[in-house]
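User: I am new to reading protein structures, and I would like to work through this one slowly. Could you take my questions one at a time?

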Amino acid sequence: MHPSIKLFLLCLCSAMQYSAALAQERTPPAKPPAGLVRVFQSTEHTVGEPEEQTPISFGSQRAPELTIFVDDTRRFQAIDGFGASITDSSAWLLRNKLSESQFQQLMERLFDRKKGIGLTLLRQPMGSSDFALEDYTYDDMPVGEPDTGLQHFSIEKDQRYIIPVLRAALAINPRIKILATPWSPPAWMKSNDSLVKGSLRPEAYDALARYFVKFVKAYEQAGVPIFGVTMQNEPLNLDADYPSMIMSASEQAAFLGSALGPAFRAAGVHSKIFIFDHNWDLVHFPIEVLADTKAAAYTSGIAIHCYGGNAAAQSELHERFPALAIWMTECSGGAWQKANLLDEQVRLIIDSTRNWSRSVILWNLALDQNHEPHLGGCKNCRGVITVNQTDNAAEVIPTVDFTALAHVSKFVRPGARRIESNTFGPGSLEDVAFRNPDGSLVLLVLNSGSKRATFNVSWEKKFAVYTLPANSAATLIWQCGQHC
C-alpha cells in the first residue's frame, strides 16, 4: 500500500474513533430499566452529597415491615425548587475569600445538577439584611432629605460582588428563579428616619412602589431577572436590631392594592408579588391581607418562614386559598439545634412540601466558621456551606444543610409534582414523593427512629425493600411505568 494512502486511512480511522467518542460523551446516559431503583443515602456523619448505594428492584415479595405506598396518579402542587440566599455576607465571602478556581468549583457544586446539587432558587435581599457588611438601601439620603423622585437610586453596591455571583449562578443554570425581599426601604420613607424598625409613611407608598419597579428593571438590565418579590421581610418582627420595618396586614394590603400592584402593571413588570414572608404561627396576617379585594387581585402567592408554629399552618392557608402558591422562603439552621441535625433539616423539607409548599429556601448560602459576617440579629446561624478562613487560605466545607438540600435539589426538577404517599411521623419513617416532568419518580425517606428500619416501597402493586440506618435519609429514584 502506498504510504500516503496508509497515512490517509490511519487519519480517517482516528477521526472516526474521535467522532464516536464525542458522540458517546454527548449522548445522555441511558435511563435505568423499569423496576430498578437507585438509592442515595446520608447519615449524620455525611459531609457533602448523599452517597449512592447498591440499587434495589421492584418485585412481588413484600417484607413484613412498614410499607410506603406511592401513587403517582394522585398529584398535588407543582415544585419550583430548592435553594438559599446569596446575602451580602455570602457574596462577599465567595468573591473575596475564595480563589478563582475555588469559586468556580463551588458554583458548579451548588448549581450544576450533574457536577453538584443543582439548586434552582435564590432569595435576594434588596439592600442590606442582618447578614451584610454595612447598612444600605438603593437610595440612601442624609437625615431630613427625602428623594421622592428617586434621583439617587442606584444598585452600585450590589454590583461589587452580589450581582457577579448571581450572574455566575445563572451562567450555570439560566432557569434559576430569584425572589427579592427588602429588609427596610430607605430611611427617608419611614416614620423614624432609620433603617431599623419604624413603619412606612403613607405618603411614601408611591415612592416605594417606584423603588421596587426601578430595582426589578435595574437588575434585569444587569442580567439578573427577578421572578418575584415580597414587600417586607418579617413584617411583624418587633425585636430586630438590624435593617427592618414593622408593617401590619392592613398596611401591607393598602400598599399592595393602591401602589405596588398598580405600579408593576403600569410599568409592565411581570415579577410576581408574594405577601406575608413571616412565620407559620402568624397566618392571620396573610388571611387579613387577602380579605382586601384590591390587594388579593395583585397577589401571586404567600411566602412563609419556619421560626414559629409548624408546617401544618401551610395546609390551613392552602385550604382557604387553593389557587395561591405557598413558598417556604426562609428557614435557617444554627447552633441552637441540639437534636440530630440531618433529621431536623430533612424533616423541614418533608413537612414543608407535604403541606403544599412549592419551595424550600434556607437562609445564608455561605457563612464563615464564626457564623459571620453579620450586622445584628442571629449570631449563630449556619450557612449551606462554611468558608473556613485561615491566615493563608480558605477552605469550603459543606454543612448538613447542603446534604439535606441535595436529597431533593439534585433529583426533583422544577415543574415536578408532589404525589401521594403515606408517612409514619417523627420517630419512625417520614417521607414525601414527587413525579418529575420526565416521568421519573422520587421518594425522600427519613428514618428518624433510633434503630435501623427495613421498609417496603409499594408502587404499581409491586414492592421494593430497603433498610435505612437510624437517623438517616435516603432518596430513591426510578422510572415510571404504565402511567407515563
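Analyst: Let us begin with a term: a residue is called buried under 20% relative accessible area, exposed over 50%, and partly exposed in between. Please keep in mind that this is a predicted model.

User: Is Glu-134 buried, exposed or partly exposed?
Analyst: The side chain of Glu-134 meets that of Lys-157 in a salt bridge, with 3.7 Å from N to O. The relative accessibility of Glu-134 is 29%, and the class in between runs from the limit for buried, under 20%, to the limit for exposed, over 50%. Glu-134 therefore counts as partly exposed.

User: Which residue forms a salt bridge with Asp-80, the closest N and O atoms being 2.8 Å apart?
Analyst: Asp-80 is buried, with a relative accessible area of 6%, and it belongs to a network of salt bridges that also links Lys-177 and Arg-358. For the pair with closest N and O atoms 2.8 Å apart, the partner of Asp-80 is Arg-358.

User: How many of the five residues of strand β10 are buried?
Analyst: Gly-301, Ala-303 and His-305 point one way from β10, while Ile-302 and Ile-304 point the other way, and all are buried. Strand β10 is therefore largely enclosed by the rest of the structure, the number of its buried residues being five of the five.

Methods. Residues are numbered from 1 along each chain as its sequence is written. This is a predicted model: local features need pLDDT of at least 70, side-chain atom pairs count only at pLDDT 80 or more; totals for chains, interfaces and linings use all residues. Side-chain values use heavy atoms; hydrogens and water are left out. Buried means under 20% relative accessible area, exposed over 50%, partly exposed in between (1.4 Å probe, protein chains only). Helices (H or I, at least four residues) and strands (E, at least two) are DSSP runs, numbered from the N terminus. A salt bridge is a side-chain nitrogen of Lys or Arg within 4 Å of a carboxyl oxygen of Asp or Glu.
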